Amino acid sequence: MLEKIFGRYRDYSQLVLRVFLGMVFLTHGTLKFLSGVQVFTGYLEQHGVPLPGLIAPIVIAIEFVGGLGLILGASTRLAAFLLSGVMVVAMLTVTFKVGFAGGYDINVACLGGLLALLLAGPGKVAVGGDL
């Protein structure tokens with residue numbers, strides 16, 4: 001029954017996944033940038049992340065540009081790959097210490113969506129090609 005209702009919208013599933021994940025990463029990147037790169041650098045330093053002065057602007061750029069890329073469907077696989085790396089590093093350096101609930105749970109959820117996009121690509125409704 002549900003297949004008859006929703007089956008015709010199958011081609012939009014990757015669009016929905018891209019837009020929602022993209023909003024999360026674009027927002028996180030924007031907030032980190034607006035609060036000041038030095039604030040995020042201090043956060044990374046506090047958690048023992050090596051080379052925080054180098055890592056902070058890279059993470060901010062990946063989250064912002066990667067989030068925008070996901071929303072638009074431009075370089076989706078590249079964005080998903082880079083953002084997956086950010087999620088893995090975040091889990092290993094910060095959120096595993098907190099535990100699952102309130103810690104790395106959101107990282108795992110985002111990583112699952114990113115891996116799905118890495119495997120499936122942007123889908124039919126996308127602005128640009130894929131790398």
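**Salt bridges and helix packing**

I'll start with K32, which is buried, at a relative accessible area of 16%. Before going on, a reminder that this is a predicted model.

What does K32 pair with? Its side chain meets that of E63 in a salt bridge, at 2.7 Å from N to O. K32 sits in helix α2 and E63 in helix α4, so this pair ties together parts that are 31 residues apart in sequence. E63 is buried too, with a relative accessible area of 4%; the cut-off for buried is under 20%.

How many salt bridges does a search of the whole structure find? The count is 3. Another one joins D11 and K124, where N and O are 3.4 Å apart. This pair links distant parts of the chain: D11 is in the loop between α1 (2-6) and α2, K124 is in the segment after α6, and 113 residues separate them. D11 is partly exposed, at 35% relative accessibility, while K124 is exposed, with a relative accessible area of 67%. R10 also forms a salt bridge, with E3, and there the closest N and O atoms are 2.7 Å apart.

Two packed helices are described by the angle between their axes and the distance between the axes. For α4 (residues 52-72) and α5 (residues 76-93), the axes come within 9 Å and cross at roughly 145 degrees. The crossing is left-handed. On the α4 side, the residues that meet α5 are V59, I62, E63, G66, G67, G69 and L70. On the α5 side they are T76, A79, A80, L82, L83 and V86. By type, the residues of this contact are 8 nonpolar, 4 polar and 1 charged.

Leaving aside neighbours within four places in sequence, which residues is L83 in contact with? They are F25, I62, E63, G66, G67, L70 and L114.

That brings me to the largest nonpolar core, which has 20 residues. Those touching the most other members are L21, F25, F40, L70, L83, M87 and L114. At least two core residues come from each of α2 (13-35), α3 (37-46), α4, α5 and α6 (100-120). Which helix gives the most to this core? It is α5, with 6 residues.

To close, E63 is in the salt bridge with K32, in the contact of α4 with α5, and among the contacts of L83.

Note on methods: Residues numbered from 1 in each chain as written. Predicted model: local features only at pLDDT ≥ 70, side-chain atom pairs only at ≥ 80, totals over all residues. Heavy atoms only, no water. Axes fitted to C-alpha atoms, helices over the stretch in contact; angles between N-to-C directions. Helix = DSSP H or I, 4+ residues; strand = E, 2+ residues; numbered from the N terminus. Left-handed = near helix turned anticlockwise from the far one by under 90°. Contact = heavy atoms within 4.5 Å. Nonpolar A, V, L, I, M, F, W, Y, C, P; charged D, E, K, R; others polar. Core = buried A, V, L, I, M, F, W, Y, C linked by side-chain atoms within 4.5 Å. Buried < 20%, exposed > 50% of the residue type's maximum accessible area, 1.4 Å probe, protein only. Salt bridge = Lys/Arg side-chain N within 4 Å of Asp/Glu carboxyl O.
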